Amino acid sequence: MAEESYDVVVVGAGPAGSSAARCAAAAGARVALLEREEEVAATVRTSGVTWVEDAEAFGIPRRCYNAVSNYGFCSPSNSVVVRGAGPGAAVLDVRGTYRWLAGKAEEAGAEIRTGTAATGAVVEGGRVVGVDAASGGSRRRFRAGVVVDASGFHSVVANSAGLAAPWRRFGAGAEYEARAERADPDTWWLMVGSAYSPAGYAWIFPLGGRMVRVGVGVGKPDSAVDPARRLDELVRDRPGPLAGLGRLDVVESHRGLIPNGGLARRTAYDGLLLAGDSAGQANPLVLEGIRYAIRFGGDAGRAAASAAASGDASAAALGAYEAGWRAAVQSRIRAAGRVQDRWMRLDDAQWDRELDAMRGLSADEFLDFIRADFGLFGMAGMAARHPGAAAKRLFWMVRDAASRRPAGGGAPRHATG
């Protein structure tokens with residue numbers, strides 16, 4: 001088996017992996033970024049929704065996303081559209097964005113090795129010291145001071161090393177990217193209840209012009225429904241906002257499996273860091289994680305480069321990475337997980353009433369809630385600004401969830417990314 005040596009080896013050229021490779025290389029490390037597909041983002045597995053302020057902060061080019069100002073939420077017998085004065089959400093050109101991120105990693109000095117599939121961790125003395133991979137019919141070993149596992153749902157490195165068990169709760173998503181006769185490029189739709197998806201939700205996300213992404217996510221093992229079959233049923237029957245799209249011409253289809261196991265997994269081990277979906281870094285309320293993948297992937301890359309340079313890649317030395325990302329988002333992720341856990345237990349009539357709680361919110365208030373950028377203080381302020389019973393019920397829901405319900409599980413994350 002041929003061997004190569006690097007300071008840092010990153011597995012997976014998604015947003016977490018490319019960001020890790022970029023930041024590690026920028027810090028002076030010699031970096032290999034391994035991607036199993038022949039091209040970065042050859043296969044799309046997410047709907048790619050994030051937020052305009054994050055896209056701008058990361059420097060994602062404007063050509064790579066469609067900005068959305070209006071947010072529709074639909075249940076079987078109710079609907080609400082929250083209209084913003086300006087764009088707040090961003091639907092990414094996933095392929096374009098991922099390739100831009102990989103290009104930035106390459107500009108920083110990382111070596112991108114496409115068509116190179118990691119097959120397992122190399123472990124010596126209880127420490128991860130590299131990755132075995134298959135490339136072009138041959139086997140290669142990539143030794144590293146530190147390995148970053150950004151391989152997504154399957155967590156190839158961590159699982160093969162016996163450091164992380166397979167995800168037991170996850171979302172299964174199916175989606176069509178299509179040309180719609182009557183697309184609204186300024187409005188998205190999230191659709192909940194039995195008419196759309198059990199233990200999950202359906203969506204319409206506009207890509208700009210006449211292009212849309214229409215999809216279904218189903219929580220596993222909560223439901224045995226096949227999301228691809230349910231998606232075909234929705235496209236055929238056109239309930240709710242789907243009826244307004246008119247003729248749909250499918251351009252491509254996407255499928256994905258998304259971790260939804262909460263924050264139970266460690267992300268720093270001897271010689272190994274986890275980032276992105278491998279780490280379970282996601283907002284569980286609507287299960288979107290691209291902003292976390294880019295941000296914390298970058299943190300993982302910097303930590304890996306520092307550890308490799310110092311010669312100390314122990315779990316203790318790498319633990320500052322885990323402490324940092326948890327301090328930044330753990331409380332919000334836990335609170336959002338509890339709210340989501342409650343949401344996924346609602347029946348159709350309860351969903352109809354839940355939407356009334358969103359009526360009258362400003363776009364900023366709505367987005368803060370969906371983004372999981374809320375706390376009890378913020379929700380109390382919202383209730384004070386909206387004296388009606390509905391807004392107060394949202395506050396009590398968050399308070400009850402934060403104080404009484406266990407964190408965890410719920411709906412699939414394929415919806416937003």
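We'll visit a pocket, then a sheet, then a couple of cysteines. Keep in mind that you are looking at a predicted model.

**Stop 1: the largest pocket.** Show the surface and look for the largest pocket, with a space of about 760 Å³. Now select Gly-14, Arg-45, Ala-150, Ser-151 and Gly-152: of the 38 lining residues, these are the closest to the pocket's centre.

Stop 2: Switch to cartoon view and pick out the open sheet of 7 strands, which runs in the order 6-5-13-14-15-12-16 with mixed pairing. Which strands stand at the edges? They're strand 6 (78–83) and strand 16; each has a single partner strand, so one of its sides has no neighbour in the sheet. Neighbouring strands here are turned by 15° against each other on average, ignoring direction.

Zoom in on strand 5 (residues 70–75), which pairs with strand 6 in the antiparallel sense over 6 bridges. Click Cys-74, and then its bridge partner in strand 6, Ser-79.

**Stop 3: the cysteines.** Stay on Cys-74: is it buried or exposed? It's buried, because its relative accessible area is 5%, and buried means under 20%. Hop over to Cys-23, which is buried as well at 16%.

Technical notes: Residues are numbered from 1 along each chain as its sequence is written. This is a predicted model: local features need pLDDT of at least 70, side-chain atom pairs count only at pLDDT 80 or more; totals for chains, interfaces and linings use all residues. Side-chain values use heavy atoms; hydrogens and water are left out. Buried means under 20% relative accessible area, exposed over 50%, partly exposed in between (1.4 Å probe, protein chains only). On a 1 Å grid over the protein atoms alone, a cavity is a set of points where a 1.4 Å probe fits but cannot get out, and a pocket is an open set with protein on both sides within 12 Å along at least five of seven lines; lining residues have an atom within 4 Å of a point. Grid points are joined across faces, edges and corners, and a volume is the space filled by probe spheres set on the points. Two strands pair if DSSP finds at least two bridges between them. Helices (H or I, at least four residues) and strands (E, at least two) are DSSP runs, numbered from the N terminus. Axes are lines fitted to C-alpha atoms, for helices over the stretch in contact, and angles run from 0 to 180 degrees between N-to-C directions.
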